[in-house]
Amino acid sequence: MPFPIHRPRRLRSSEAMRGLVRETRLAPSQLVLPLFVCPGEGVRREISSMPGNYQLSVDELVKECAEVKSLGVGAVILFGLPETKDDVASGAYAEDGIVQRAVRAIKRDVPALLVITDVCNCEYTSHGHCGKIVDGEVDNDATLEWLAASALSHARAGADIVAPSDMMDGRVGAIRAALDRGGFRKIPILSYAAKFASGFYGPFREAAESAPQFGDRRGYQMDPANGREAMKEIALDLEEGADMIMVKPALPYLDLIWQARQRFDVPIAAYQVSGEFSMILAAARNGWIDAERIMMETLTSIHRAGAGIILTYFAKEAAKRC
Ligand code: PBG
């Protein structure tokens, strides 16, 4: 007869008692802030669908990174808005591309901050797709060359970690080979291994100006209905040499973060994506929820499910509260 012997409420009687028995704690060092870098100088343009997030020119980005570092945030991940887009994604792998310039500037002025680069083509193609179009479709194998070249150019610029987010088959192996050949054996790959074709990326596509101009991404990103296939994608990326893997989005896919945590002994990241962020702020602006509270509750849940690394637009705010 459990009750009245057992009374779980005994351990909830005060904040001190709750703190003593708390199972999941967030630390700033496990948070990663996504940042958008654009051409120009002195540019700090707020993204209307993502309040508090900006398109930043390199000089402003460096200032932001100094603040991020001082808050103890673990890393930043960079997305680029190139001067021009074309159908071969030149800006993605140009030695003086926008992300490459940004990485050099951060590494010069804030060297201790870990810099992750997102490796993808959609911000750099005129059509907004993540790869080379052949016969109206994204061609997998041709795209691998662009990805390998991009990752290598990021490493040359000084990136600490490269993170491919394109969902082409074989990209982790192709990137690993290119990095090793280029002398970057020590640069780890964080693979967006289980990335879903999600409606939650809407605000990001405004931020990164990367919406596909025709069709959608369902031919390469995963079907939200498939969990077993997510485990297969993760296993394949690990076989190809991924050092860390990611599940994306985060909150609607907590079951997959949990399963991955049980099955794979590597660091697991989760991306609380733009739509997850903007929904919270929109509801808070209507007075329906408390943004700060929901921020900590969602991040704690993502961590509890098994993600040791969390990419989130709340990174700075959350770092101040954990
Ligand atoms: C690039 C990329 C996207 C996101 C991260 N990397 C957009 C997409 O796949 O359309 C989305 C991140 C977010 O919504 O916050 N492929």
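Buried means under 20% relative accessible area. The close-up views below are taken from a predicted model.

**View 1. Pro 203 in helix α8.** Pro 203 belongs to helix α8, which spans residues 202-207. The relative accessibility of Pro 203 is 14%, so Pro 203 counts as buried. The view also includes Phe 277, which is 74 residues away from Pro 203 in sequence. In space, the C-alpha atoms of Pro 203 and Phe 277 are 9.2 Å apart.

View 2. The ligand sits in the largest cavity. There are 18 residues around the ligand, and the ones that come nearest are Lys 195, Arg 205, Lys 248, Ser 274 and Tyr 313. By residue class, the shell around the ligand consists of nine nonpolar, three polar and six charged residues.

**View 3. Side-chain atoms facing ligand oxygen atoms.** In the side chain of Tyr 313, an N or O atom is 2.6 Å from an oxygen atom of the ligand. For Gln 221, the distance between an N or O atom of the side chain and an oxygen atom of the ligand is 2.8 Å. Arg 217 has a polar side-chain atom 3.0 Å from an oxygen atom of the ligand. On its own the ligand has 400 Å² of accessible area, and the protein covers 100% of this.

View 4. Lys 248 and Pro 249 are joined by a cis peptide bond with an omega of about -10°. Pro 249 is in the loop that runs between β10 (244-248) and α10 (254-263). Lys 248 is also among the residues that come nearest to the ligand.

View 5. The peptide bond between Phe 3 and Pro 4 is cis, and its omega is about 10°. Pro 4 is part of helix α1, residues 2-5.

**View 6. The loop between β8 and α7.** Two residues of this loop are shown, Met 167 and Ser 165. The loop lies between strand β8 (161-164) and helix α7 (171-181). Met 167 is not a glycine, yet its phi is positive, at about 70°. With a relative accessible area of 5%, Met 167 is buried. Ser 165 is at 2% relative accessibility and therefore counts as buried. The side chain of Ser 165 makes a polar contact of 3.0 Å with the side chain of Asp 118.

**View 7. Asp 135 between two strands.** Asp 135 is located in the loop between β6 (132-134) and β7 (137-139). Its phi is near 50°, a positive value in a residue other than glycine. Is Asp 135 buried or exposed? The relative accessibility of Asp 135 is 78%, so this residue counts as exposed.

**View 8. Ser 90 and Tyr 124.** Ser 90 is in helix α4, which covers residues 90-93. At a relative accessibility of 28%, Ser 90 counts as partly exposed. Tyr 124 is 34 residues from Ser 90 in sequence, and the distance between their C-alpha atoms is 7.0 Å.

Conventions
Residues are numbered from 1 along each chain as its sequence is written. This is a predicted model: local features need pLDDT of at least 70, side-chain atom pairs count only at pLDDT 80 or more; totals for chains, interfaces and linings use all residues. Side-chain values use heavy atoms; hydrogens and water are left out. A residue is near a molecule or strand if one of its heavy atoms lies within 4 Å of it. A polar contact is a pair of N or O atoms within 3.5 Å; within protein, one must be able to donate a hydrogen and the other to accept it, and residues adjacent in sequence count only if both atoms are side-chain atoms. Accessible areas come from the Shrake-Rupley method with a 1.4 Å probe; for residues, only the protein chains shown count as cover. On a 1 Å grid over the protein atoms alone, a cavity is a set of points where a 1.4 Å probe fits but cannot get out, and a pocket is an open set with protein on both sides within 12 Å along at least five of seven lines; lining residues have an atom within 4 Å of a point. A molecule sits in a cavity or pocket if more than half of its atoms lie within 2 Å of its grid points. Ala, Val, Leu, Ile, Met, Phe, Trp, Tyr, Cys and Pro count as nonpolar, Asp, Glu, Lys and Arg as charged, and the others, Gly among them, as polar. Helices (H or I, at least four residues) and strands (E, at least two) are DSSP runs, numbered from the N terminus. Buried means under 20% relative accessible area, exposed over 50%, partly exposed in between (1.4 Å probe, protein chains only).
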